[in-house]
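Student: I am new to this structure. Can we go through it together?

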Amino acid sequence: MIFWISLIITIKIERMSKAIKKNTIQLKFDSARVYEPALESKSAAKIKPVYDLFINGKFEKPLSKKYFNTINPASEEILSSVAMAGKADVNKAVLAARNAYERTWKKMPAAERAKYIYRIARMIQEKAREFAIIETLDGGKPIRESRDFDVPTAANHFFYYAGWADKLEYAFPNRKAMPLGVAGQIIPWNFPLLMAAWKIAPALATGNTVVLKPAETTPLTALKLAEIIQEADLPPGVVNIITGAGATGADMVNHPDINKIAFTGSTAVGKIIQRAIAGTNKKATLELGGKAANIIFDDAPLDQAVEGVINGIFFNQGHVCCAGSRLYVQESVYEQVIQKLKDRMETLIVGNPMDKNTDVGAINSREQLATIQRYIKLGNQEGAEMYQSACALPKKGFFCKPTIFTNVAQSNRIAQEEIFGPVLAIQSFRTDDEVIEKANNTAFGLSAGIWTDKGSKIFNLTSKMRAGVVWANTYNKFDPTSPFGGYKESGYGREGGLHGLFPYVKLV
Ligand code: NAI
Ligand code: MG
């Protein structure tokens, strides 16, 4: 007996020492475990078969008479038919917002405005489960993320800015903060409810009225928010929510009676907007794309760092403007990190977003899946080495395997362009100066991550990185009190925190 035990121990020690010599200890995650499905119930959410435009406090049929479908990207089933706002509808919504601004909202005492914003926050919390289900069905993100991140963070944003509404004199001492008027807000499909909150909350807190357009693939939580706004008795016209595609957004951008454009989306559309408003009095904030560097130094706690890399690139299928889509690993721990990363990827559960076990859900649309697949093909053509987790993908719906590329060159397009999917480009580095140069060698500048045991290294890098947000020993952390925004082609203006009030006021 003792002989057998000591033999097993000897064999194990031998294997370990071989692995240590190779510097690649394999992590055991018990990936053989099969989880029983734990499906969230669709029936706990009410989705109407048809949605009209929310203008002046009422749902109204579009003057365009047109509708389009929004589908569930995980099943390709139609969820609802949604109004397509044309030019006349945009005019109607802007007029409603203008009237509400002049007649009620700008005159209302700030403390009264705050009450409405608090009410919206509380109502989002009350309907949190329904919001999470609709967000997941309409956009494909895992229910765990909608439930634990998107919805609570959206409610927090309203709570936070409700608090500022009657304290603007403290935000801007010795100045008077005047609202701008009507804000036109155009949001993307990756965090639909959360982006609506980021846009609407500071606008209302500072006394502006709003016309908001959600993205065409994910309009449903914004329309649910419209129902809440109606129920909260917000004065009609203070928030108008109109649905449509790029043309509707362009009509908003070009509308002469909109005072401010707030846009989150692609850099390409951001450039179109910037050209369109040049020479006008419109103010703008543009939150655009990113290609963040996540940097692991050899003194970092590697298991934590790998967890941060996984979160950085596979959270929300990589549809994240601040995704850590470039990984830089210091050469002495390179092999070890890559092995740990591959091991961890094998444990990711990819599939039905409504399953509470799922880590990586559906790609938001057929078009986005095609874009991601184009980049994966390109990465292979450029000579990088691909590794994908071995998971099986569902037959129906739009899915993509978690993917990493090693042997990537700085000039490769997969290292330069925003892919907006679960695809990571990995490179190694030797010195601090080298990695700073590589990390900054990008057209973008939204975010970055640093993993190291040394505070001095963190301070050195954060001061030299051209990125709006730099996370140290963590990644993708959001708080309404903290400003967020970019440099260079990642856009301009800040959202969140005290800084997020600036773009909605003129100081006199
Ligand atoms: P997009 O920028 O076209 O869409 C974002 C929003 O802008 C949507 O509401 C859309 O209807 C609206 N829009 C489109 N054209 C417009 C125009 N000319 N004027 C005003 N509004 C307009 O993004 P898309 O095409 O859905 O995604 C393409 C790529 O953009 C993605 O692969 C990703 O790289 C990037 N993207 C980045 C986002 C971010 O948060 N940084 C969010 C969404 C997309
Ligand atoms: Mg949809």
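Tutor: A salt bridge is a side-chain nitrogen of Lys or Arg within 4 Å of a carboxyl oxygen of Asp or Glu. This is a predicted model: local features need pLDDT of at least 70, side-chain atom pairs count only at pLDDT 80 or more, and totals for chains, interfaces and linings use all residues. Residues are numbered from 1 along each chain as its sequence is written, and side-chain values use heavy atoms, without hydrogens and water.

Student: Which residue forms a salt bridge with E76?

Tutor: The count between domain 1 and domain 2 is two salt bridges. In the one with E76, the closest N and O atoms are 3.0 Å apart. The partner of E76 is R366.

Student: How much area do domain 1 and domain 2 bury between them?

Tutor: The assignment, automatic or from a database, gives domain 1 as 42-288 and domain 2 as 293-472. Buried area is the accessible area (1.4 Å probe) that two parts lose on being put together, summed over both. Here 57% of it is on carbon and sulfur atoms. The total is about 2200 Å².

Student: Which residues coordinate the magnesium ion (ligand 2)?

Tutor: Donors are N, O and S atoms within 2.8 Å of the metal (3.2 Å for Na, K and Ca); water is not among the atoms, so sites may look incomplete. The distances here are 2.2 to 2.5 Å. The residues are T70, I71, D138 and T217.

Student: Is D138 buried or exposed?

Tutor: Buried means under 20% relative accessible area, exposed over 50%, partly exposed in between (1.4 Å probe, protein chains only). D138 has 1%. So D138 is buried.

Notes:
Chains are lettered from A and ligands numbered from 1 in the order in which they are written.
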